[in-house]
Amino acid sequence: MRRYHHPLSVRTMLLTMVLGLLLFPGPGLAMEKASIVLHWLPQAQFAGHYMAKDMGFYEEEGIDLTILPGGPDILASEWLEVGKADFATMFLSTGLLKRSSLPVINIGQFVQHSALMLITKTDAGITSLKDLENKKVGIWANEFQIQPRALFKRLGISITVVPQSSSLDLFLRDGVMATSGMWYNEYHLLLSYGLDQEELRPFFFRDTDLNFPEDGIYTLEKTADLKPDLCRAITAATIRGWEYAFDHPEEALDSVMKRMIKEKIPANRAHQKWMLDRMQDIIMPDEGTQIGVLRQDDFERVSSILMEAGFLEQAPMFPEFYRGPVR
Amino acid sequence: MDFNNTKNGDALVVIVSGRMDAITASEFDAQCQSWIEKSETKVVIDLSGLEYISSAGLRSILSAAKKMKGAQGELLFCGLSGMVEEVFNVSGFAAMFKIYSTTEAALAG
Amino acid sequence: MSKRHGIAFKLAAFILSCAFVILVVIVGYNYNYSRDIILRQAEESSRNLARDTTGRIDSVLITVQKVADNIAFSLEDATLSKEEILELNKRVLANNPEIYGMAIAFEPYFLEHDQLFFAPYYYRSGGRIAFNMLGGPNYRYFYMDWYQIPKELERPVWTEPYNDEGGGDVLMATYSVPFFRTVDGKKVFAGVVTADVSLDWLEDMLEEIRIYDSGFAFLLSRHGTFIAHPDRNLIINQTIFTLAEELDSPELRSIGQKMLAGESAFVPVDNVFDDTERYLFYTGLKYGGWSLGVIFPKDEMLAEVRKLSKVTTLIGIAGFIVLAMLIIFIARKITNPLHKLSGAALEIASGNLDLKLPEINSRDEVGDLANSFGVMRTSLKDYIENLTSTTAAKERIESELRIARDIQMGILPKLFPAFPERPEFDVFASIEPAKEVGGDLYDFFFVDDDHFCFLIGDVSGKGVPAAFFMAVTKTLLKVVSEKGLDPGDIITKVNSDLAAENESCMFVTLFLAIMNINTGETRYANAGHNPPVYMPCGGKPEWIPPLGEPVAGVMEGMEYTTKTMTMHPGDVMFIYTDGVSEAMNPENELYSDERLMDILTAMDKPFAPELVKEIDDSIKVFTRGAEQSDDITMLAMQFCGKCDK
């Protein structure tokens with residue numbers, strides 16, 4: 001456990017503690033420092049964390065949380081491994097795959113539905129994914145290739161994989177027949193490049209049984225063992241952060257834009273607004289959804305598909321893997 | 001009243017038509033004046049077109065005859081018929097003036 | 001019923017409405033035409049501007065393209081060694097100052113079978129040329145746009161502009177050209193040549209573009225991203241479509257799509273960016289796939305035109321007011337004298353002809369009217385005076401005529417029965433002059449105890465001259481008759497007196513008879529008079545034949561004959577003037593001798609007084625009130641009382 005380090009004198013500290021005890025009766029007065037690394041660049045995908053930070057939800061839980069932005073050069077799981085961050089966000093499939101080499105556990109599942117999709121142009125005439133046989137398809141690296149590969153294997157078709165970067169330029173120039181994208185991001189990017197919704201023919205993984213829940217908070221098993229309260233607190237504050245963000249979208253966008261500008265990432269409000277709205281769709285697909293909960297049936301489904309597709313040799317047990325909130 | 005004047009040799013043939021009454025008699029006087037100015041000495045007046053003549057008309061003729069006489073000319077009448085002939089007879093004008101039955105006869109006379 | 005409006009009002013209303021319409025038309029047309037001119041000029045100048053700007057940008061891009069294309073071409077020579085390649089790269093960069101950096105990136109393991117990456121990169125830094133070998137686990141360039149796109153498309157491309165943090169946050173664009181080598185007889189993709197161009201001069205170039213005060217130019221990338229715009233926040237952050245989404249403007253989205261499609265147009269964009277009205281000219285660049293947009297603020301463009309229109313309108317309105325005042329003034333100038341004249345006219349009409357006319361001396365139609373008015377009044381006055389004196393004269397003459405008539409009628413025997421104590425005969429006469437005085441005459445008197453004379457006469461013409469002649473004739477006849485001569489001789493003497501000194505050529509027809517009242521023997525003479533009617537009692541009336549002797553008063557020395565006939569008791573001699581037979585009805589038909597004869601013939605027991613009355617009545621019935629053309633005189637002489645047969 002990290003000590004709260006302050007530069008003031010011992011006497012002042014004692015005084016503050018006594019005063020604090022008298023004035024603010026309550027548990028856990030000391031702020032615990034922690035860090036979380038997000039698995040991509042700042043954008044509305046992480047609005048819940050930003051809101052929780054800006055609104056002081058982490059602080060209220062007694063956490064002085066540092067949010068570390070991710071990016072193309074940063075592997076969130078690696079940072080966890082080497083201790084650069086206490087917590088990390090990543091996909092469920094990533095977490096499951098990583099588990100075999102690194103003891104990570106999920107302390108909160110936020111994105112319940114997969115936002116991954118394959119996008120084609122309407123005038124390419126792709127009516128079903130089978131039409132992609134022998135065509136060039138842009139596929140992302142890492143965990144993003146799991147769902148597409150599994151799908152094509154299932155369909156029994158072979159495609160020409162064109163590794164995709166973060167750019168959609170090749171697709172825009174008709175260099176690939178289909179491109180990978182996230183519903184909350186790339187799809188709207190295409191719209192923001194002038195393509196109308198009628199000109200796009202998307203295929204959602206959400207509509208298949210390859211509908212993998214995605215973003216969740218992970219930490220090393222030993223962190224979870226040592227600081228269960230911290231874990232719970234992080235998740236709780238993040239949940240509150242997301243709820244607040246959905247209720248106050250303009251504030252959430254302000255918060256996101258501020259961070260993006262600081263990191264010199266190209267940002268515009270229209271795109272972030274779309275992203276925030278879609279995040280709401282996939283974090284709270286129904287009115288009655290409880291944010292932050294990983295359902296066992298989702299876990300088991302994803303595990304079995306990963307094993308079936310040969311990505312996973314052995315799936316962990318649910319309680320081993322998940323220590324987040326329960327319904 | 002209308003006057004149709006044509007020269008025939010040294011005689012002037014005047015065909016009178018219309019009514020000669022107190023109102024139109026002055027036209028006859030004017031015509032007579034013009035004959036005298038033109039030094040006509042022999043004027044044959046054809047009254048075949050004259051429908052009616054009153055005492056004023058008769059007076060006009062008398063006055064004209066007197067003037068012509070004074071200018072060494074003479075008036076000859078022809079073409080009398082109907083009422084006009086009767087009036088000429090009754091008033092004794094037929095006896096006073098040279099009356100012929102036709103223009104040719106008057107010219108010859 | 002229309003309201004009465006003064007001339008001033010009518011003039012003003014009409015002229016001002018016309019002037020208003022003209023003003024509106026002029027200002028409106030002027031505004032529209034000027035606006036069109038300005039718009040056309042703006043469009044023209046925007047085309048020129050765009051052409052100039054795109055030309056300049058294109059010239060930079062084409063230069064870079066050519067260089068990279070040439071390098072790519074020369075790299076197809078497989079004999080080049082690594083060192084030669086490096087040297088080429090460096091030299092070319094050095095020689096082309098517009099290029100910021102150049103890389104020559106090879107396919108994995110292409111040059112060296114153990115070297116995954118081979119991508120030398122020379123770039124400018126701090127005035128020198130720096131070197132970097134690209135490629136590594138963190139820089140897997142095979143999947144980057146600048147490598148992947150030309151590889152997949154097999155043609156050169158300009159990548160989307162980006163902010164190069166390494167180069168000091170400068171906006172850059174990269175031109176990548178694929179090059180190929182022949183391996184085993186087949187053409188194979190070998191790698192990519194890239195040339196980086198910094199775009200900071202773009203900002204400056206576009207900023208130089210001054211369009212009025214608030215106009216500006218912007219540049220879009222191939223996919224619509226802002227790469228130049230006065231609002232720096234938009235650059236790279238936004239595409240024209242995200243901006244349209246933020247502004248909730250489907251119009252802007254559609255314009256963006258057209259721009260990306262390479263179209264060119266000059267369109268109004270009202271209330272798109274904000275609530276001002278603007279015009280946008282857009283066109284595409286030749287290289288790079290970029291689009292240029294130029295914004296014109298409508299307000300500023302049309303400010304001059306609007307000002308012009310405002311000023312014109314103000315001038316118009318001022319002119320209007322002046323015109324109105326002028327019209328009213330002139331109209332007043334016209335209507336005031338007219339008013340005065342009108343008042344004077346009413347005064348004069350009420351009888352005041354001596355009214356002093358208003359002084360109106362203007363040299364125009366109104367002055368003419370005033371003059372004419374004065375002339376009219378004077379001549380009216382004269383006319384009335386004339387008329388008054390003429391009327392007075394006429395009345396005097398008329399009264400004299402009435403007296404004359406009385407005198408004339410007075411000299412004729414009028415008392416009937418004339419000789420009630422003499423049963424031997426009945427005589428009855430009537431006379432009706434056509435005018436106040438007439439030219440007809442009749443008379444009857446005893447020449448001696450046994451002989452009764454009765455006569456009738458008709459002087460040529462009617463009226464006063466005839467009346468004079470009539471009076472003279474009647475007097476002469478009376479005087480001469482009293483000498484006891486025969487009728488013929490009487491007329492001979494009277495004729496000779498009348499014919500002497502008869503300058504006026506007046507003549508009188510006469511019928512004179514002297515009857516022996518004991519025997520009924522009647523001597524008579526006829527000087528040109530229409531034949532009387534002899535009505536024997538119990539027999540048929542017949543004409544008493546004329547003697548063919550001329551009218552009296554014309555031929556001096558004419559001797560008249562006397563004829564004799566005998567009247568038996570009851571016989572009537574009816575003598576009359578041609579006023580009877582020539583009495584006309586409104587259809588100008590004559591009463592005629594025939595009708596007279598018919599009536600006389602129809603009489604059963606003629607009795608002189610009744611007979612005359614009867615004829616008189618029948619004449620009146622016939623003429624039906626038509627104007628009397630000649631004097632009507634009748635005399636009936638009946639011998640020895642009534643005819644009882």
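Hi everyone, let's start with an open sheet of 5 strands in chain C, ordered E14-E15-E16-E17-E20 and paired in antiparallel fashion. Please keep in mind that this is a predicted model.

Which strands stand at the edges of this sheet? They are E14 (440–446) and E20 (563–566) of chain C, and each has a single partner strand, so one side of each is left without a neighbour in the sheet. On average, neighbouring strands here are turned by 15 degrees against each other, direction ignored.

As a reminder, strands of a sheet pair through backbone hydrogen bonds, either parallel or antiparallel. Now look at one pair: strand E16 (508–516) of chain C runs antiparallel to strand E17 (521–527) of chain C, and 5 bridges join them.

Next, who touches chain C? Let's take chain A: 20 of its residues are in contact with 22 residues of chain C. On the chain C side, helices H3 (145–153), H5 (240–247) and H6 (250–260) each supply at least two residues. The largest share, 5 residues, comes from H3(C). By class, this side of chain C holds 7 nonpolar, 10 polar and 5 charged residues.

Then there is chain B, with 15 residues in contact with 16 residues of chain C. Here helices H2 (55–70), H3 (82–90) and H4 (93–96) of chain B give two or more residues to the side that touches chain C. Which of them gives the most? That is H2(B), with 7 residues. This side of chain B divides into 8 nonpolar, 5 polar and 2 charged residues.

Conventions: Residues numbered from 1 in each chain as written. Chains lettered and ligands numbered in written order. Predicted model: local features only at pLDDT ≥ 70, side-chain atom pairs only at ≥ 80, totals over all residues. Contact = placed C-beta atoms within 7 Å. Helix = DSSP H or I, 4+ residues; strand = E, 2+ residues; numbered from the N terminus. Nonpolar A, V, L, I, M, F, W, Y, C, P; charged D, E, K, R; others polar. Pairing = 2+ DSSP bridges. Axes fitted to C-alpha atoms, helices over the stretch in contact; angles between N-to-C directions.
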